[in-house]
Amino acid sequence: MSDNKIPYKTYLTEKEMPKTWLNLNAFMKSKHDPFLNPATGKPCTSEELEAVFCKECVKQELNFTDKEIEIPEGIRSFYKTFRPSPLVRAYFLEKALDTPAEIYYKFEGNNTSGSHKLNSAAAQAYYAKQQGLTSVTTETGAGQWGTALSMAAAFFGLNLDVFMVKVSSLQKPYRREVMRTYGANVIASPSDTTEAGRKILKEFPETGGSLGCAISEAVEKAVSTPGCRYVLGSVLDHVILYQSVIGLESKAVLDRLGVYPDTVIGCVGGGSNFGGLIAPYMADKLQGRNGTEFIGVEPASCPSMTRGKYAYDFCDRAKITPLAKMYTLGCGFMPSPNHSGGLRYHGMSPIVSKLYADGYMRVEAVEQSKVFEAAITFAKTEGILPAPESSHAIRVAIDEALKCKASGQKKSILFGLTGTGYFDLAAYKQYNDGTMTDIIPTDKDLEKGFASIPKM
Ligand SMILES: *Cc1c(COP(=O)(O)O)cnc(C)c1O
């Protein structure tokens with residue numbers, strides 16, 4: 001059997017590692033609509049964006065022409081501490097499913113932050129340091145992004161303030177402690193350290209905070225502190241550019257093994273791991289070179305793409321960020337407290353939104369209990385305890401493999417395993433105790449969110 005030639009795990013050698021990122025924007029024949037300044041209704045200029053973000057990130061955000069962008073030596077050097085990540089042929093899962101499909105996954109959880117977010121944290125911290133900045137700020141909900149940025153800030157010698165949603169900092173004290181161990185200053189949000197925080201505290205003294213509020217505090221801190229900028233963990237084009245390292249490594253390995261995937265699957269929160277994983281294969285598709293199918297997977301509790309509107313909306317709840325044209329449930333949408341913190345975002349990357357609107361990919365919304373069922377099948381067969389977010393991709397990969405079993409088709413399926421679930425054991429406990437519920441918003445619930453989308 002030719003299958004036996006494919007090893008269980010494959011890594012690139014140091015020499016084979018990507019030296020450039022892949023810029024999907026340069027391949028898209030029809031480009032996504034630009035970010036708008038809500039005050040003027042005009043496209044954001046680089047000067048406006050540079051007041052908030054690092055210069056080089058802004059330059060890349062607005063680059064729609066260069067297909068490849070060099071990964072600076074300083075970033076490749078930091079990548080050595082946790083890359084390459086393994087490309088795994090899921091032989092044990094295939095066997096358990098008794099499927100003729102070949103299943104491959106790219107495992108991004110092999111670093112202390114436990115997710116792919118370190119790929120973009122590395123780049124953003126590097127560029128901040130290059131610019132001569134002394135500090136950066138960000139917000140974190142579940143904590144993966146804050147942890148990743150803490151590691152990168154420590155490596156490149158930057159101070160970091162993380163505004164952590166108050167309820168999360170109480171529920172996940174160990175996440176907070178990992179960040180502090182890497183030197184980050186973790187502030188429970190809302191806090192009395194910013195104008196935005198003080199205002200919210202005065203109005204709602206008992207509030208547990210929200211991501212939107214934490215973003216407001218982090219942005220305010222960045223623009224009011226000399227030598228400081230704000231960094232974002234998903235959604236933006238430059239974040240997807242940095243995450244293309246996932247897809248490029250995957251493709252380099254699979255090319256070597258002589259495999260070209262028929263189906264590529266990833267979970268979608270803000271769209272960064274999915275956009276990065278699909279990048280080289282989607283670039284081929286945009287050039288008419290393949291018939292590969294792309295599937296984004298979102299939680300049924302926060303169905304931005306399958307039930308959202310394609311419209312200009314704010315990226316945050318406080319309505320201080322630029323407007324982005326994207327699939328959105330409305331910046332005022334309040335997702336139910338399900339366990340995939342990283343997928344509870346009201347909007348979606350403008351790049352992924354545009355690919356979906358133009359018919360280059362499809363999206364499936366899956367229920368939490370089915371996601372955990374898949375997570376447990378995966379943990380028992382492949383050994384890794386997956387993050388709830390990643391398990392959305394596992395669910396659909398399993399479903400696709402079972403369709404192959406029913407039809408006898410022998411497809412190659414690649415999915416992104418974005419992280420590990422060690423900090424999500426409260427969710428696993430609920431599943432094991434049989435107390436997990438599936439909350440799916442009604443059309444009426446969604447209408448409330450849609451009402452918060454600005455009228456253009
Ligand atoms: C943040 C996160 C996600 C979702 O973010 P994207 O920007 O959509 O990739 C998925 N998986 C894990 C483990 C995460 O931490």
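Q: What volume does the second largest cavity have?
A: In this predicted model, the second largest cavity has a volume of about 30 Å³.

Q: Which elements give two or more residues to the lining of the second largest cavity?
A: They are α13 (272-286) and β15 (412-417). The lining consists of Lys106, Glu108, Ile246, Asn273, Leu277, Gly416, Leu417 and Thr418.

Q: How do the residues of this lining divide into nonpolar, polar and charged?
A: The lining of the second largest cavity has 3 nonpolar, 3 polar and 2 charged residues.

Q: How many cavities of 30 Å³ or more does a search of the whole structure find?
A: The search finds 2. The largest cavity holds about 40 Å³ of space.

Q: What makes up the lining of the largest cavity?
A: Phe82, Arg83, Ser85, Phe107, Glu108, Gly109, Asn110 and Asn111 line the largest cavity. By class, 2 are nonpolar, 4 polar and 2 charged.

Q: Why is Gln430 called partly exposed?
A: Its relative accessible area is 29%. Buried means under 20% and exposed means over 50%, so Gln430, at 29%, is partly exposed. Gln430 lies in helix α17 (residues 425-433).

Q: What is Gln430 in contact with, leaving aside its neighbours within four places in sequence?
A: Gln430 is in contact with His339, Thr435 and Met436. Gln430 and His339 are 91 residues apart in sequence, with 9.9 Å from C-alpha to C-alpha.

Key: Residues numbered from 1 in each chain as written. Predicted model: local features only at pLDDT ≥ 70, side-chain atom pairs only at ≥ 80, totals over all residues. Heavy atoms only, no water. Helix = DSSP H or I, 4+ residues; strand = E, 2+ residues; numbered from the N terminus. Buried < 20%, exposed > 50% of the residue type's maximum accessible area, 1.4 Å probe, protein only. Contact = heavy atoms within 4.5 Å. 1 Å grid on protein atoms, 1.4 Å probe; cavity = no way out; pocket = protein on both sides within 12 Å on 5 of 7 lines; lining within 4 Å. Points joined across faces, edges and corners; volume = space filled by probe spheres on them. Nonpolar A, V, L, I, M, F, W, Y, C, P; charged D, E, K, R; others polar.
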